[in-house]
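User: I'd like to learn how to read a model like this one, feature by feature. Could you walk me through it?

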Amino acid sequence: MPADLNPSEMVAARRPATRAMLYVVLGILGLFFLAPLAVMVLTSLRPIEEIRSAGIIGIPQTLTLDAWRAAWSQACIAAVCEGLQPYFRNSLVIAIPATLLSTLLGAINGYALTKFRFPGADAIMVLIILGCFLPLQAVLIPAAQTLSALGLANSIYGLILIYTVYGLPFTTLFFRNYYVGVPSEIVRAAHMDGAGFWRIFFQIMVPISWPIAMVSVVFQFTGIWNEFLFGVSFTTGASQTVTVALNNLVNTTFGVKQYNLDMAASLIAALPVLIVYLFVGRFFVRGLTAGSIKG
Amino acid sequence: MSQSSLRVEPAPHPRGGAGRFGRGRSGLGRHAPAWLAISPSLLAILIFVYGFALWTAYVSLSASRMVPDFALVGLRNYERMWGQDRWLVAAGNLVTFTALYVVVTLAVGLLIAILLDQKVRGETPLRTIFLYPAAVSLIVTGIAWKWLLNPGTGVEAFMRSAGWEGFAFDWIIRSETVIYAIVVAAVWQQAGFVSVLFLAALRGVDGEMVKAARLDGAGPIRTYWSVIIPAIRPAFISAGVLLVAFALKTFDLVVAMTAQGPGYASALPSTFVYDMAFQRNQLGMAAAGAISILVFAAIIVLPYVVWEFRKSDAR
């Protein structure tokens, strides 16, 4: 498209006063979006006496990492006073295998659905992709009963299974959309040369898949790390995920509210996804737009 | 889990045969490896998604309370559910929450997208700022907003200590307004995501149409209102459907912000389901609530999925 036909070029505000207004509005919106994070960071660094006298919004007079230390390794969740640290580890042990497994299976599904358009492939794709919209409440009771029947209730393996399966609709959609754009001639030529299904997958498809694999990994990791409904329904005590433990920490503190502790704990629980977002945010955005490479 | 917009990339035209190969071998044989490869996932989805949804539907029609009971009782669970004030409040909240949340998020998301589309300096850092809430869990979001909206600690306390004695912002502690407080946090979490969808759509608008409008003497606002915004209607549909689907399953935010309080004034169908299933030993009613959510979701989502696939076929 020639430059003079770029739509935003033609309607973009040009007058200096309009441009100034534009930046003012963007600035206010930016503040609205940043404010909660800023308040959390500042509150987490202040001593509790100061917060109690001045509220949670304000510039710290004294800075301290006590609340972070307590949130990480001392705070009590129910009767266990080890901070968030053990649950943080649970979340890693659940999220990493579930992310990798659902990504690998999604890649295999996307490959099978696009490069081997066998009879029924389209119907299978619709069946799988509809799962993206499933309200998880609709499967909560059977999932709980199945996990306990399998002896996986309140276990890390149970959640790995659950998160892998319910991630499949998304990962399949990502890889399916990506592989549709890969010329089938490549696969066909390899097939003529005698390469089978799996050899083509591992030697041709996997090496070109890293951008969409990143999208899938970032999307799945973020989603699993943040997930709450299944976590709170299927785990208690020592097997809680960090998101569930955070909620318990904030809601079951007795006595005076420890705002700085709540905020430090929230930031610790959010840190892995914030880091992922800051460093590989573009893959996160692509995941939100179903792995679209244009988006 | 998270959400993703449904984008179905069009498949290459099958008549060219480029998508299929291995002709000449027997029909079943050449497809066997693909079938085998996809069958574990397909089986898992058939059981965990469709099987479990049917199972929940069965429970909703059964006499199950604390333990599963397979005796069918017809629609009695649904009748009992609609007789519960807790469910009526939850359903009413869902209507208010969904309407406000969808409209305000679409409006803020569109505003951000249009502003960012004015060739602004610093677009990349601004996008980062608007989108980071979507990466943060709803529990963390809820905790942050719980204290910000709490009149004793947050914005109200701050404004009063800054000298504005009569300032009041106490939605979160009052039964009549608590749902608006939830809307504020939900909009904050999702507006950036919606702006990404809108920004992509804005950048795909046909330049010729915009040029024609400008040559006809339409000002920027007029051009946006009557040319550009109608042209990005598909983005409104995608974003709208996703937001409704998101609203239907909103759970974490209420748990973290208000624990359904004051009383159960901020209950939603999702919290009702959880309560009935795990706190009150009313499996039948929990299932009835869950199936109601599923039916609403299907009414919104199924036509949309059909529309997406048609669009992808037409391309």
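User: What pLDDT does chain A average?

Analyst: Happy to start there. pLDDT is the predictor's confidence in each residue, from 0 to 100. Chain A averages 89, and 93% of the residues score at least 70. This is a predicted model, where local features need pLDDT of at least 70, side-chain atom pairs count only at pLDDT 80 or more, and totals for chains, interfaces and linings use all residues. Residues are numbered from 1 along each chain as its sequence is written, chains are lettered from A and ligands numbered from 1 in the order in which they are written, and side-chain values use heavy atoms, with hydrogens and water left out.

User: Where in chain A is confidence lowest, and where is it highest?

Analyst: Where pLDDT is low, the predicted coordinates should not be read in detail. In chain A the lowest mean, 65, belongs to helix 1 (residues 7-11), while helix 5 (residues 85-115) has the highest, at 96.

User: How many helices and strands does chain B have?

Analyst: Helices (H or I, at least four residues) and strands (E, at least two) are DSSP runs, numbered from the N terminus. By that rule chain B has 13 helices and zero strands. Its C-alpha atoms fill a box of roughly 80 × 70 × 30 Å along the principal axes.

User: Which residues of chain B does UniProt list as "transmembrane region"?

Analyst: UniProt positions are given here in the numbering used for the model, feature names are shortened, and annotations may be inferred rather than shown by experiment. For chain B, the unreviewed UniProt entry places "transmembrane region" at residues 34-58, 87-116, 128-148, 178-202, 223-248 and 283-307. You can compare such a record with the coordinates. Residues 178-202 of chain B are 100% helix and 0% strand, with end C-alpha atoms 35 Å apart. Residues 283-307 of chain B are also 100% helix and 0% strand, and their end C-alpha atoms are 36 Å apart. The unreviewed entry in UniProt also lists "domain: ABC transmembrane type-1" for residues 91-306 of chain B. That span is 75% helix and 0% strand, and its end C-alpha atoms lie 27 Å apart.

User: What does the "transmembrane region" annotation cover in chain A?

Analyst: According to UniProt (unreviewed entry), the spans in chain A include residues 92-112 and 263-285. Residues 92-112 of chain A are 100% helix and 0% strand, with 30 Å between the end C-alpha atoms. For residues 263-285 of chain A, the span is 100% helix and 0% strand, with 26 Å between the end C-alpha atoms.

User: Which residues of helix 6 of chain A are buried?

Analyst: Buried means under 20% relative accessible area, exposed over 50%, and partly exposed in between (1.4 Å probe, protein chains only). In helix 6 (residues 121-130) of chain A, the buried residues are A:Ala121, A:Ile124, A:Met125, A:Ile128 and A:Ile129. They sit on the same side of the helix, because they cover an arc of only 125 degrees around the axis; the arc is that of the directions from the helix axis to the C-beta atoms. As background, an α-helix has 3.6 residues a turn, so residues three or four places apart point the same way.

User: Is B:Ala256 buried or exposed?

Analyst: B:Ala256 is buried, because its relative accessibility is 1%. This residue is found in helix 11 (residues 252-257) of chain B. The C-alpha atoms of B:Ala256 and B:Thr141 are 8.3 Å apart, although 115 residues separate them along the chain.

User: How many salt bridges does the structure hold over all chains?

Analyst: A salt bridge is a side-chain nitrogen of Lys or Arg within 4 Å of a carboxyl oxygen of Asp or Glu. The structure holds 10 of them over all chains. One joins A:Arg46 and A:Glu50, with the closest N and O atoms 3.0 Å apart, and both of these residues are buried.

User: Which residue forms a salt bridge with B:Glu176?

Analyst: B:Arg174 does, with the closest N and O atoms 3.6 Å apart. B:Arg174 also meets B:Asp170 in a salt bridge, at 3.5 Å from N to O. B:Arg174 counts as partly exposed because its relative accessibility is 36%, whereas B:Asp170 counts as buried at 18%. B:Glu176 is exposed, with a relative accessible area of 56%.
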